[in-house]
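Please look over the sequence and the model shown here before reading on. The report that follows takes up the pocket, the fold, the helix and a few single residues in turn.

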Amino acid sequence: MVAVEVMTGSLFHVNVEEDNAKVADLKRAIAAQQKLPFDRMILLLGDGCCISDDDDDLTLDECGIHDNGSRIYLFFTPIDDGSSDDFIFTWSEAF
């Protein structure tokens, strides 16, 4: 089982059955278990390494994800609503 923490703070565990499971298998397991969008997932390892879509064909072992001991942080890409508006927030605007 791999511990997955969503950016909202919720924590859950996901199990990928295959011995040579790939990153895509892990994403599909997360999507099925939590009813989350597979195609928008961004995985960040506990050591700060980001797993990109290009890494979907790598095995979990190749990415350093191990059963019973790995923690992954789950983020999502923004929804593309066709808008060209970008919002920029600076720390000084908070006060």
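## The largest pocket

How many nonpolar, polar and charged residues are in the lining of the largest pocket? By class, the lining has 6 nonpolar, 4 polar and 4 charged residues, where Ala, Val, Leu, Ile, Met, Phe, Trp, Tyr, Cys and Pro count as nonpolar, Asp, Glu, Lys and Arg as charged, and the others, Gly among them, as polar. About 210 Å³ of space lies in this pocket, and of the 14 residues that line it, Glu 18, Asp 19, Leu 60, Ile 65 and Asp 67 are the closest to its centre.

Grid points are joined across faces, edges and corners, and the volume is the space filled by probe spheres set on the points.

## Basis of the model

This is a predicted model, in which local features need pLDDT of at least 70 and side-chain atom pairs count only at pLDDT 80 or more, while totals for chains, interfaces and linings use all residues. Residues are numbered from 1 along each chain as its sequence is written, and side-chain values use heavy atoms, with hydrogens and water left out.

## Overall fold

The protein chain contains 1 helix and 5 strands, and from the N terminus on its elements run β-β-α-β-β-β; helices (H or I, at least four residues) and strands (E, at least two) are DSSP runs, numbered from the N terminus. Of the 95 residues in the chain, 31% are buried, a word used for a relative accessible area under 20%, with exposed for over 50% and partly exposed in between (1.4 Å probe, protein chains only). Among contacts with a separation of 6 or more, 58% come from residues 24 or more positions apart, a contact being heavy atoms within 4.5 Å.

## Helix H1 and what follows it

Helix H1 covers residues 23-34, and its end C-alpha atoms are 16 Å apart, which agrees with the 16 Å that its 12 residues should span at 1.5 Å a residue; the expected span is 1.5 Å times one less than the number of residues. Val 23, Ala 24, Asp 25, Leu 26, Lys 27, Ala 29, Ile 30 and Ala 31 are buried in H1, and the buried residues of the helix pack against strand S1 (2-6), strand S2 (11-14), strand S3 (41-45), S4 and S5. Ala 32 is also found in H1, but at 57% relative accessibility Ala 32 counts as exposed, and its C-alpha atom is separated by 10.0 Å from that of Val 14, 18 residues away along the chain.

Just after H1 comes Lys 35, with a positive phi of about 55°, in a residue other than glycine. Lys 35 lies in the loop between H1 and S3 and counts as exposed at 73% relative accessibility.

Met 41 lies in strand S3 and is buried at 1% relative accessibility. Leaving aside neighbours within four places in sequence, Met 41 is in contact with Lys 27, Ile 30, Ala 31, Leu 36, Asp 53, Leu 74, Phe 75 and Phe 76. Met 41 and Ser 52, 11 residues apart in sequence, are 9.0 Å apart in space, C-alpha to C-alpha.

Asp 56 has its place in the loop between strand S4 (50-51) and strand S5 (71-76), and it counts as buried at 15% relative accessibility. With neighbours within four places in sequence again left aside, Asp 56 is in contact with Lys 22, Val 23, Ala 24, Lys 27 and Phe 38.

## Cysteines

With a disulfide taken as a pair of cysteine sulfur atoms within 2.5 Å, the count comes to 0 disulfides. Cys 49 is in no disulfide, the nearest cysteine sulfur being that of Cys 50 at 7.2 Å, and Cys 49 is partly exposed, with a relative accessible area of 38%.

Cys 63 is placed in the loop between S4 and S5 and is buried, with a relative accessible area of 15%. The closest cysteine sulfur to that of Cys 63 is in Cys 49, 7.3 Å away, which is too far for a bond. Not counting residues up to four places away in sequence, Cys 63 touches Val 23, Leu 45, Ile 51 and Leu 58.

Note on methods. 1 Å grid on protein atoms, 1.4 Å probe; cavity = no way out; pocket = protein on both sides within 12 Å on 5 of 7 lines; lining within 4 Å.
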